[in-house]
Amino acid sequence: LGLALYTSSLCAASSTAFLYHDYCIIGAGPSGLQAAYFLQRAGRDYVVFERSHAPGSFFALYPRHRKLISINKQYTGKSNSEFNLRHDWNSLLSHDHRLLFRRYSRDFFPNADTMVRYLEDFASLLKLRVQYNTAIVHVTLERDVKAWNGHYFLLTDQDRQNYKCSSLLVATGMWVPNVVNFPGSEYVEGYETVSINPEDFAGQTVLILGRGNSAFETAENILGVTNFIHMVSRSRVRLSWATHYVGDLRAINNGLLDTYQLKSLDGLLEGNLEDLAIVKDKKGKLHITLRFYLDNRNTSAGIDSITLPQDELDNFATRAPYDRVIRCLGWKFDFSIYNRSLRMMPEKGNKKKYPQIKPSYESRGTRGLFVLGTASHSVDFRKSAGGFIHGFRYTTRAVHRLLENRHHGVPWPSTVYPITQLTNTIIKRVNEASGLYQMFSVLADIILLRENATAFEYLEEYPVGVLAELEMQTGRKAPNGLFVVIMEYGRNFSGADKDVFYYNRAVGEAQHAWQSNFLHPVIYYYKCLPTERDMRLRPPDWPLPRPDAVHHIVEDFLTDWTAPNAHILPLRRFLENCLSTDLRNFFAESCFLFAFTHQKLPPFCRQGYVRMQGLVGSEGLRRHAVEAGLLEDYTLTDFLGNRPPDSHEGSQDQLLRDHAIPVRPLQHLVNAKDE
């Protein structure tokens with residue numbers, strides 16, 4: 001008896017023991033693996049819990065018909081890897097070029113099985129610490145003033161093993177099917193279990209509940225074998241090319257729109273699904289009626305005793321009986337495993353399927369709990385790409401950088417440049433940065449100005465929703481003003497009811513850049529960092545508060561913002577007006593002239609020529625400058641003497657002895673200045 005009691009006490013002690021990690025990640029889907037990659041590269045203590053035996057278990061089942069709608073563009077005409085990620089919607093971020101998705105599939109819309117294989121390789125090749133077959137079934141808090149956030153997160157798995165961590169990253173995605181309950185809903189088949197064999201629907205009449213990509217994907221699969229398909233949803237169809245939101249209906253799945261508008265029996269209807277009712281007759285046919293027609297009758301009482309809409313309105317749209325009704329209403333977040341102490345609450349309105357989080361992706365209810373991946377999409381729902389791999393790979397990196405600063409004192413990565421490089425740096429980023437491009441209106445580059453605007457500090461892809469907290473979140477200071485570089489669509493160009501193919505839809509003139517409709521760079525200038533109040537009071541649908549100055553770089557058909565007159569010159573003049581300085585680049589000869597004719601030299605001359613840096617003239621360079629109107633043609637015959645044209649030897653004194661600048665005009669300038 002004593003031995004049995006001792007053994008049981010040991011078992012109880014082991015079951016309450018906690019395995020500790022600094023970071024716990026729930027879910028080994030794309031966002032969980034992406035977070036693990038950044039934590040591993042930083043040398044942090046972390047673990048990933050995955051309920052399945054392999055990563056990416058969602059993609060092992062979904063989409064049911066196995067074709068992804070995320071593009072996999074093999075060729076862009078460019079070798080810049082950062083630019084190419086703009087058109088690679090499946091790859092995760094890593095240093096390993098073997099882990100680019102185009103090496104796994106050449107299909108423009110890849111098969112979901114390829115995604116499963118890709119995620120398996122991502123986890124194994126990078127040796128990420130994933131604990132498989134571990135389903136976290138309960139999460140709660142333990143208060144402790146010594147913990148990073150004032151509490152620890154306690155996790156319990158299906159085997160009653162306990163874990164403790166200081167920071168919790170939730171990357172479980174959205175996998176709980178949305179279900180609408182109404183009389184007769186027991187006759188409805190779910191998207192997650194319905195047959196994907198078209199022959200099972202041959203000669204049948206089908207009603208689909210829902211109007212997203214899963215509904216149209218299902219319809220596309222059986223379009224050619226059914227009598228007809230009807231689709232019912234509470235809202236009108238939203239086409240992704242009109243809304244510019246990749247989560248809306250994509251062209252690859254919209255065959256039913258053709259058959260509907262070309263009157264080939266199929267059709268779309270709008271209505272509140274909760275007002276419906278389904279009645280099954282003796283032949284197994286399903287009749288659609290409205291809930292209020294049933295009164296207090298039982299749906300199993302028999303079709304003859306139930307009033308149907310067509311009894312009063314003989315041309316009722318859904319009066320024909322259906323053989324099958326399929327539910328395709330998407331998914332929602334699983335709140336069931338979180339204890340009430342974590343205050344994980346759903347968002348409101350059409351975002352209620354997501355948990356409440358801040359623009360920093362941290363839970364509104366619990367400090368130290370961050371939501372990653374698809375479940376974090378409430379921050380930019382129906383606006384940007386944060387619910388998809390090509391969006392949340394960047395927001396996950398942003399969260400990691402916030403955590404590095406908060407818990408390890410590692411400031412947000414930045415680079416300091418002289419002010420003369422401001423125009424070039426912005427142009428380079430807007431032409432190649434993939435994070436700005438994919439997470440438009442959500443992530444932005446921040447340019448922090450140094451004192452007297454002699455230099456600037458460049459921070460990449462910061463969440464603009466927490467701009468007011470920039471100094472606290474990044475460890476960087478902004479006492480002298482800042483620029484914010486962001487990508488935006490035109491204010492009134494996106495929407496389910498918009499005609500995005502109208503004539504003259506694009507703007508080509510730089511002076512009309514503010515009217516640009518398509519995705520284009522916008523630069524906001526603030527003399528001081530916006531406050532929390534400024535962020536709250538910003539105009540509706542604006543990503544940022546009203547700036548002291550704003551500049552739109554005109555949209556470009558090729559998304560190539562390098563045109564000297566249309567793109568670069570207006571940008572440079574905007575920056576010069578904001579900084580009250582001259583950002584042009586000059587030849588050494590021009591700087592030499594400025595030294596005698598101006599009280600203050602342009603920054604390029606101060607930071608280059610005065611320090612004996614800059615462009616030393618050659619005959620070819622001089623001829624080009626004269627032809628471009630940058631230099632006066634002095635018609636020199638002995639320029640640079642007998643030295644080779646491209647020789648850079650010789651000091652500044654030698655350059656003067658070689659008559660790069662004639663003596664007489666220079667004396668005239670000096671005398672004029674003295675007078």
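Modeller: Start with a group: Arg397, Arg429, Asp445, Glu460 and Glu461 are joined in a network of salt bridges. This is a predicted model, where local features need pLDDT of at least 70, side-chain atom pairs count only at pLDDT 80 or more, and totals for chains, interfaces and linings use all residues. Residues are numbered from 1 along each chain as its sequence is written, and side-chain values use heavy atoms, with hydrogens and water left out.

Biologist: What is a salt bridge?

Modeller: Side chains of opposite charge can pair when their charged atoms come close. The term here means a side-chain nitrogen of Lys or Arg within 4 Å of a carboxyl oxygen of Asp or Glu. The whole structure has 21 salt bridges.

Biologist: Which residue forms a salt bridge with Arg44?

Modeller: Glu404, with the closest N and O atoms 2.8 Å apart. The two are 360 residues apart: Arg44 is in the loop between helix H2 (30-41) and strand E2 (46-49), and Glu404 is in helix H10 (residues 389-408). Helices (H or I, at least four residues) and strands (E, at least two) are DSSP runs, numbered from the N terminus.

Biologist: Is Glu404 buried or exposed?

Modeller: Buried, because its relative accessibility is 7%. Buried means under 20% relative accessible area, exposed over 50%, and partly exposed in between (1.4 Å probe, protein chains only).

Biologist: How far apart are the closest N and O atoms of Arg66 and Asp113?

Modeller: They are 2.7 Å apart in that salt bridge. Arg66 is buried at 15%, whereas Asp113 is partly exposed at 45%.
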